[in-house]
Amino acid sequence: MNSAINHGRFLKFDFIIIGGGIVGISTAWQLQRSSDRIRVLLLEKESFVARHQTGHNSGVIHAGVYYEPGSLKARFCREGAQATYDFCRENGIACEQTGKLVVATSDIELERLHLLYRRCLENGLDPEMLGPVELQELEPAISGTGAFLVRESGIVDFPGMCHVMLEQFRQAGGTVRLNTEVTGITEHDDKIIIHAKPGTFHASGLVVCAGLMADRLARLQGLGQDFRIVPYRGEYYRLRPGLNGLIRHLVYPVPDPALPFLGVHLTRMTDGTITVGPNAVQGWKREGYGVLNFSLRDTAGMLGWPGFWKASARHFRHGIREIRNSLWKARYVNEISKYCPSITADDLEPHPAGIRAQAVTRDGTLLHDFLIERTPRSLHVCNAPSPAATSAIPIGRHICDILSGNHSTLG
Ligand SMILES: Cc1cc2nc3c(=O)[nH]c(=O)nc-3n(C[C@H](O)[C@H](O)[C@H](O)COP(=O)(O)OP(=O)(O)OC[C@H]3O[C@@H](n4cnc5c(N)ncnc54)[C@H](O)[C@@H]3O)c2cc1C
């Protein structure tokens, strides 16, 4: 077993990873297993891992339907889906290849559906186009003007994956420090020093995967000047237990191409329940999951960022619609009843929300792609939006390649 070198006042490692979400854990796990001579430390501020985005999401293994063909996001998603199925099957983690339907309910959506279908083909998937009758034969509760089926999509227990990876990381000699919040980073020519509450740690290299806090950690090193993390709440409901058999596949609407969100969908979870959601409403606290949670620091930082106002103006109508849907359950139901007409407000029970860490640039662009920033001794994952949970294994592998000098850049 490797152990850190104790220099009295501080512990010295080869690499430190900040962030116990799936991206940080996957990176730490692969880095530690790449050599039994290196010492890797994972720092997480919470008392357990997968506490934030990784533990508050839809649990979908995305197949790679939506992403720009040839992009890193498209490649990582395809590789990540396969790697996720393989990892879960090898380690007895709940997962199932359910398949997914994307359903159009209007002429404009039908047009977009055909474009999306072509994109699937360009991304190497094998979708099956369905007419309204075939759709209803496959899923009697669902109706639309057309749909396609993607067989590669599925569901998984992402926190379960994290716990197994973390255990394997420890067995390979890695060290985990929970309840340890990083508050300062100082980089020197020969080392990097991490100041945390509690403790000081030295390392040769640093990887930061801090999700909703990515910009704050980046700014500790003078990076992240061109974006801020803006929290978008993803609110869910759960169908009442009597409806757990309503659908066999995941059912998605056709997304608005102007937005990086996929629309309110029906998702079978690995525990047998069906969630409805998520929407995308403005959050006022980065890690606050209650409807009324508010942070003065988070809100002031957001309002002081020019990109926030530009993005809000650009997506004003969509934002207002999302707020209305959030406030009135009956309106929320309309988002689903257009493709699942039998669902009523009485069928929806409460389910915890998630919060997306969305990087927004100074000019108001919501970044769809991964964003990495670097200093000589550190690498910051600044934007890791969906499907980063699906893609976590190839993202971690790629970061390991960069650290070992096989790649000079991630994008
Ligand atoms: C509502 C919603 C639905 C989604 N659905 C899907 C889906 O179905 N499929 C999919 O593939 N993706 C989905 N995603 C996206 C996916 O969940 C994220 O892309 C992924 O979890 C990001 O992982 P992460 O490790 O980067 O961040 P996180 O999981 O947020 O982890 C970051 C960690 O860093 C820690 N941290 C932060 N600051 C510090 C500090 N100063 N010191 C120490 N630790 C720190 C945090 O406590 C946290 O544990 C969804 C996201 C949301 C919000």
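Select Pro198 to begin: this residue sits in the loop between strand 12 (192-197) and strand 13 (200-208). Helices (H or I, at least four residues) and strands (E, at least two) are DSSP runs, numbered from the N terminus. The bond to display here is the peptide bond from Lys197 to Pro198, which is cis, with omega near 0°.

The model is predicted, so local features need pLDDT of at least 70 and side-chain atom pairs count only at pLDDT 80 or more, while totals for chains, interfaces and linings use all residues. Residues are numbered from 1 along each chain as its sequence is written, and side-chain values use heavy atoms, with hydrogens and water left out.

Next, select Ser386 and Pro387. A cis peptide bond joins them, with omega about 10°. Pro387 belongs to the loop between strand 21 (378-383) and helix 11.

Now select helix 2 (residues 72-91) together with helix 11 (residues 392-403). Their axes come within 6 Å and cross at roughly 110°; axes are lines fitted to C-alpha atoms, for helices over the stretch in contact, and angles run from 0 to 180 degrees between N-to-C directions. Helix 2 is therefore roughly perpendicular to helix 11. (Angles under 35 degrees count as roughly parallel, over 145 as roughly antiparallel, 65 to 115 as roughly perpendicular and the rest as oblique.) On the side of helix 2, show Arg75, Phe76, Glu79, Gly80, Ala83, Thr84 and Phe87; they meet Ile393, Pro394, Ile395, Arg397 and His398 of helix 11.

Thr84, Phe87, Cys88 and Asn91 of helix 2 make the contact with Met161, Val164, Met165 and Gln168 of helix 5, where contact means heavy atoms within 4.5 Å. By class, five residues of this contact are nonpolar, three are polar and none is charged. (Ala, Val, Leu, Ile, Met, Phe, Trp, Tyr, Cys and Pro count as nonpolar, Asp, Glu, Lys and Arg as charged, and the others, Gly among them, as polar.)

Turn to the open sheet of three strands in the order 4-9-5, with antiparallel pairing. Strand 4 (60-61) and strand 5 (95-96) stand at the edges with a single partner strand each, so one side of each has no neighbour in the sheet. Two strands pair if DSSP finds at least two bridges between them; strand 5 and strand 9 (residues 154-156) pair over two bridges. Select Cys95 to find Val156 of strand 9 opposite. Then select Ala50, in the loop between strand 3 (40-43) and strand 4. Its phi is near 60°, a positive value in a residue other than glycine.

Finally, select Val281, Gln282, Trp284, Gly319 and Ile323, the closest to the centre of the second largest pocket among its 29 lining residues. (On a 1 Å grid over the protein atoms alone, a pocket is an open set of points where a 1.4 Å probe fits, with protein on both sides within 12 Å along at least five of seven lines; lining residues have an atom within 4 Å of a point.) Helix 9 (316-327) gives the largest share of the lining, eight residues. The lining divides into 15 nonpolar, 10 polar and four charged residues.
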